[in-house]
Amino acid sequence: MNEPIHQDELNRILLKPRFKLKYSDSKEAIIDQFKVNLSSESCPFPSKIVDHHIVIDVPHGTEHFWSPQLHVEVEDEGDVTIVKGILGPKPKIWTLFIFFHFAVAVTFFVFFVIFYSRWSLDQDYTMSMTMCILMPVLWVALYFAGQLGKKFGYDQMQELHGFLIDALKDKSLIRSE
C-alpha cells in the first residue's frame, strides 16, 4: 500500500487518506471537466456534484461493506485552483465507526468512575478495573479493524484516485501534495 494514495506517512495511519492537487485552470473549468467525464457513457462511477463538492462512488456491482467513496472539493486560492480529495468509507459506515469509538470512550469513563469510587471506599473493584483495561484494548481493535477495512477497499481507492487523475489529465497541474 505505497502509491498513489499513501505517498506520505500520515496517510498510512489515517483511516481516510487525503491528497491535494494544485492547478492553474479555473475552478469552473475543473468542475466542468468532472461533469463531462462523469456524464460520459463509459464512466462506471455514480456521482453527485453540488456546488464545488463532488462525491464519487464505486460502481454498483462491485460495492461491498468496506467500499470507499471519494469526496473532492474544488477551491480557488488566488490564481491557483486547489483540488482536495478524501478517500474513505461511506458516511453510514464512518458514522457507525465513530459511534463505536464514542461508546467505548463513554464506557471507559463510566467504569473508571465506578473503579475510582469503589477503590476509594475499599470495596471490590475487580470488574470495573477489568473494564477499564478492556476498553482501550477494544479501542485499538476498532482502529485495526478500520485499517483492515482500508486494505479491503484499497484497490477501489486506487480506481477512484486513478479516475480523478485521468479526468483532470489535460488540466495544467502545478503540484500535488
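**Burial, salt bridges and helix packing**

Student: Why is F163 called buried?

Tutor: F163 has a relative accessible area of 12%, and buried means under 20%, with exposed over 50% and partly exposed in between (1.4 Å probe, protein chains only); F163 is therefore buried. The model is predicted, so that local features need pLDDT of at least 70 and side-chain atom pairs pLDDT 80 or more, whereas totals for chains, interfaces and linings use all residues. Residues are numbered from 1 along each chain as its sequence is written, and side-chain values use heavy atoms, without hydrogens and water.

Student: Where does F163 lie, and how far is F163 from F34 in space?

Tutor: F163 belongs to helix α5, residues 154-167; helices (H or I, at least four residues) and strands (E, at least two) are DSSP runs, numbered from the N terminus. The C-alpha atoms of F163 and F34 are 9.9 Å apart, although 129 residues separate the two in sequence.

Student: What makes the contact of K90 with D57 a salt bridge?

Tutor: The side chains of K90 and D57 meet at 3.9 Å, N to O, and the criterion is a side-chain nitrogen of Lys or Arg within 4 Å of a carboxyl oxygen of Asp or Glu. The pair is 33 residues apart, with K90 in the loop between β5 (80-89) and α3 and D57 in strand β3. K90 is buried at 15% relative accessibility, and D57 is buried at 11%.

Student: How is it known that E63 forms a salt bridge with K90, and why does E63 count as partly exposed?

Tutor: The closest N and O atoms of E63 and K90 are 2.5 Å apart. Because E63 lies in the loop between β3 and β4 and K90 in that between β5 and α3, the pair ties together parts 27 residues apart in sequence. The relative accessibility of E63 is 36%, so E63 is partly exposed.

Student: Why is α3 described as roughly antiparallel to α4?

Tutor: Helix α3 (residues 91-120) and helix α4 (residues 126-152) pack at about 165 degrees, with axes 8 Å apart. Angles over 145 degrees count as roughly antiparallel, under 35 as roughly parallel, 65 to 115 as roughly perpendicular and the rest as oblique; α3 is therefore roughly antiparallel to α4. Axes are lines fitted to C-alpha atoms, for helices over the stretch in contact, and angles run from 0 to 180 degrees between N-to-C directions.
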